[in-house]
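Dear colleague,

Please find below the structure that I am handing over to you. My findings follow it, and I would be grateful if you would read them with the model open.

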Amino acid sequence: QVQLVESGGGLVQAGDSLRLSCAASGRTFSSYVVGWFRQAPGKEREFVAVIDMSGSVTYYADSVKGRFTISRDNAKNTVYLQMNNLKLEDTAIYYCAASGSGIVTGKAERYNYWGQGTQVTVSS
């Protein structure tokens, strides 16, 4: 019912910024809670940020709080993740995911649809 495509990843130096985009298909995009997750080599997938249907409620993992900002533009069917002051430990594949449950959650199993991921690599 919805397809997600991430973009905006790349190779940057510590302290730099990147903005990731999650472009979605479908006319019912505004009814989905959308989250960002990431997975580094050898580590489990972890929650990064989530935004509710209206864009008025957001939550962040402690590791990115104050540095990352999630937002959405439902008219453009797009969710963004602005990443500032990037650190080496932010290196990972970043995925966006959509949930039709209406529950704002960081639990990956609650999400029904996933993008293919975009690589973010931070060097010293």
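In what follows, two residues are in contact when heavy atoms of the two lie within 4.5 Å. Please note that the model is predicted.

By that criterion, and not counting residues up to four places away in sequence, Leu 81 touches Leu 18, Arg 19, Leu 20, Trp 36, Val 48, Ala 49, Phe 68, Thr 69, Ile 70 and Tyr 94. Leu 81 is also one of the residues with the most contacts inside the largest nonpolar core, together with Trp 36, Met 83 and Tyr 94. That core has 30 residues. At least two of its residues come from each of strand 3 (18-24), strand 4 (33-39), strand 5, strand 7 (68-73), strand 8 (78-83), strand 9 (92-99) and strand 11 (118-123). As general background, nonpolar side chains tend to be buried together in soluble globular proteins.

Four strands form an open sheet in the order 1-3-8-7, and their pairing is antiparallel. Strand 1 (4-7) and strand 7 are at its edges; each has a single partner strand, so one side of each is left without a neighbour in the sheet. On average, and with direction ignored, neighbouring strands of this sheet are turned by 15° against each other. The antiparallel pairing of strand 1 with strand 3 runs over four bridges, and Leu 4 stands opposite Ala 24 in strand 3.

The aromatic residues may also interest you. Five aromatic pairs are found in the whole structure. One of them joins Tyr 32 and Tyr 113 edge-to-face, at 5.9 Å centre to centre and with 80° between the planes. This pair links distant parts of the chain, 81 residues apart: Tyr 32 is in the loop between strand 3 and strand 4, and Tyr 113 is in strand 10 (residues 113-114). Tyr 32 has a relative accessible area of 5% and is therefore buried, whereas Tyr 113, at 22% relative accessibility, counts as partly exposed.

Because Phe 37 lies in strand 4 and Phe 47 in strand 5, the pair ties together parts that are ten residues apart in sequence. Phe 37 counts as buried, at 1% relative accessibility. Ring pairs link Phe 37 and Phe 47 with Tyr 111 and Trp 114 into a cluster.

Finally, I would draw your attention to two loop residues. Asp 90 is placed in the loop between strand 8 and strand 9. Is Asp 90 buried or exposed? With a relative accessible area of 0%, Asp 90 is buried. Leaving aside neighbours within four places in sequence, Asp 90 is in contact with Arg 38, Arg 67, Phe 68, Asn 85, Val 120 and Val 122.

Ser 54 is in the loop between strand 5 (46-51) and strand 6 (58-60). Ser 54 has a relative accessible area of 54% and is exposed. The side chain of Ser 54 has a polar contact of 3.2 Å with that of Asp 52 and one of 2.7 Å with that of Ser 56. The C-alpha atoms of Ser 54 and Ser 123 are separated by 35 Å, the two residues being 69 residues apart along the chain.

With kind regards

Methods: Residues are numbered from 1 along each chain as its sequence is written. This is a predicted model: local features need pLDDT of at least 70, side-chain atom pairs count only at pLDDT 80 or more; totals for chains, interfaces and linings use all residues. Side-chain values use heavy atoms; hydrogens and water are left out. Buried means under 20% relative accessible area, exposed over 50%, partly exposed in between (1.4 Å probe, protein chains only). A polar contact is a pair of N or O atoms within 3.5 Å; within protein, one must be able to donate a hydrogen and the other to accept it, and residues adjacent in sequence count only if both atoms are side-chain atoms. A nonpolar core is a set of buried Ala, Val, Leu, Ile, Met, Phe, Trp, Tyr and Cys residues joined through side-chain atoms within 4.5 Å. Two strands pair if DSSP finds at least two bridges between them. Axes are lines fitted to C-alpha atoms, for helices over the stretch in contact, and angles run from 0 to 180 degrees between N-to-C directions. Rings of Phe, Tyr and Trp (its six-membered ring) pair if their centres lie within 6.5 Å; planes under 30 degrees apart count as stacked, over 60 as edge-to-face and the rest as tilted.
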